[in-house]
Amino acid sequence: MLHLYNSASRTVEAVSSLVPGRIGMYACGPTVYQAASIGNLRSFMMEDVLRRTLEHLEGFHVRHVVNITDVGHLVGDGDAGDDKMEKSAREQGKDAWEISRSFTQLFLTDLERMHILMPTVMPKATDHIADQIELVRTLEEKGFTYRTSDGIYFDTKKFPAYGHFSGQRLEEKEEGARVEVNAEKRNPTDFALWKFSGSGPKRQMEWESPWGIGFPGWHAECSAMARTELGQPFDIHCGGIDLIPVHHENEIAQSVAAYGVPLATHWMHVEFVLVDGQKMSKSLKNTYTLDDLMARGISPEAYRLFLLGAHYRSKQNFTWEAVAGAQHAWEKIQRIVRAWDAPTEPNLADQSLFREAMEDDLNTPKALAVFWEVLQREAVPSADRSATVLWMDQILGLGLSAVVSKPILIPMDIKQLADLRQGARTRRDWAEADRLRDALKERGWEMQDGTEGYHLSHVS
């Protein structure tokens, strides 16, 4: 049985379902004003591993919901600043709807490249305005809201449990809060449910509501859409660890206040990716995307392999040297499995070790060690190893079914160039060897030298 750390109880618990055999799983999705960072992708990849574990190891049918935030996410968590969509549209000279479409498509492309299973449904905030208005209306009827000149706010002091999820009492959160721009807020931790459009330049995204023309607050969308798609409560809520102190605290407050039952029974959060030991930031120019990695010769599969090497609740340090190592490891995996025979039956003992690791709070480093041991067990027939490795890959998600026993077809002219380069290296004619290596690269091929010959991989 899968045991998973629950951020709500701060303990590792067995995962159970409210409806036998079925899991409702909600993951906070991207705000589609820019490309997803490699840190964002760690969250979505580990949520994918959780889903694969639930389906392939535990036998659940998973309804996986990932929202698309295309309105209402302001630059500041304190309900200050521009809407990220509108700001991006102005900067790029496009309308907000076009920005949303293009970055949503890029996000879907990134999921596909990373072998992340497509969610069951991906609702957009702008398609669920009525649901969000209904949530705010319900909170208003129950006395949890008040009006200021710029919007409708949730009064956190009327919700005694506010702060329990993040582990901070309300007064501690208030002491640590930044100076607020809106002096009309009763408490620094109060948050916007509905924002008015204002008297400035007309917004591209705004709607009629019982309180006037405006747009929903960022937190409202997840509560409304999760309830619409999964009901309330549902089984598992996922997201990055940065969402705990504000976004998820606020989600819980408004959902429980409105409907009187928990939002979710289990909460799973993924830790940060650091870059050279530092948090990603625009000022440090270290906020990389998957395209940035691919431009440096790092495949999406290699990045996924890199991420699997750390536990999801541990910070993971990204360096170019580390992902280069993952790229070499990925190429080694491909070389091994391409030479294998077609799979027979997986080994039960290896399955048991792998299952034990994954059911222990998704211990991917331990599971990956089992995977590597089987991969390199040369005394075992390749057909047996093939079956076991492919079974493990249903959870690891490296896409090995497209690689096993499928050798690369190398064109004759490429093979001839590689042989010439090998000859130049044997003669220690390094200048000619470098020239031929560059000629291979121009044609989209990379040549790795080894003690037992060379290996060619297609990189274009």
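**Helix packing and nonpolar cores**

In H2, the residues Lys84, Met85, Glu86, Ser88 and Ala89 are buried, where buried means under 20% relative accessible area with a 1.4 Å probe, counting protein chains only. Helices here are DSSP runs of H or I with at least four residues, numbered from the N terminus. The model is predicted: local features need pLDDT of at least 70, side-chain atom pairs count only at pLDDT 80 or more, and totals for chains, interfaces and linings use all residues. Residues are numbered from 1 along each chain as its sequence is written, and side-chain values use heavy atoms, with hydrogens and water left out.

The buried residues of H2 pack against H3. Two packed helices are described by the angle between their axes and the distance between the axes. Axes are lines fitted to C-alpha atoms, for helices over the stretch in contact, and angles run from 0 to 180 degrees between N-to-C directions. Helix H2 covers residues 84-92 and helix H3 residues 96-113. Their angle is about 95 degrees, and their axes lie 8 Å apart. H2 is therefore roughly perpendicular to H3, a label for angles of 65 to 115 degrees. H2 brings Met85, Ser88, Ala89 and Gln92 to the contact, and H3 brings Ala96, Ile99, Ser100 and Phe103. Contact means heavy atoms within 4.5 Å.

Now turn to a second pair. Helix H6 (residues 218-230) packs with helix H7 (residues 244-259) at about 55 degrees, with the axes 9 Å apart. From H6, the contact residues are Trp218, His219, Ala220, Cys222, Ser223 and Arg227. They meet Val246, His247, Asn250, Glu251, Gln254, Ser255 and Tyr259 in H7.

Last come the cores. A nonpolar core is a set of buried Ala, Val, Leu, Ile, Met, Phe, Trp, Tyr and Cys residues joined through side-chain atoms within 4.5 Å. The largest one has 120 residues. Leu50, Leu54, Tyr303, Phe318 and Phe371 touch the most other members. Helix H1 (residues 38-57) gives this core its largest share, 9 residues. Leaving out residues up to four places away in sequence, phenylalanine 371 touches Ile333, Val389, Met392, Leu396, Leu398 and Leu400. A second, separate core has 8 residues, including Ile414, Leu417, Ala418 and Trp445.

Note on methods: Helix = DSSP H or I, 4+ residues; strand = E, 2+ residues; numbered from the N terminus. Parallel < 35°, antiparallel > 145°, perpendicular 65-115°, else oblique. Buried < 20%, exposed > 50% of the residue type's maximum accessible area, 1.4 Å probe, protein only.
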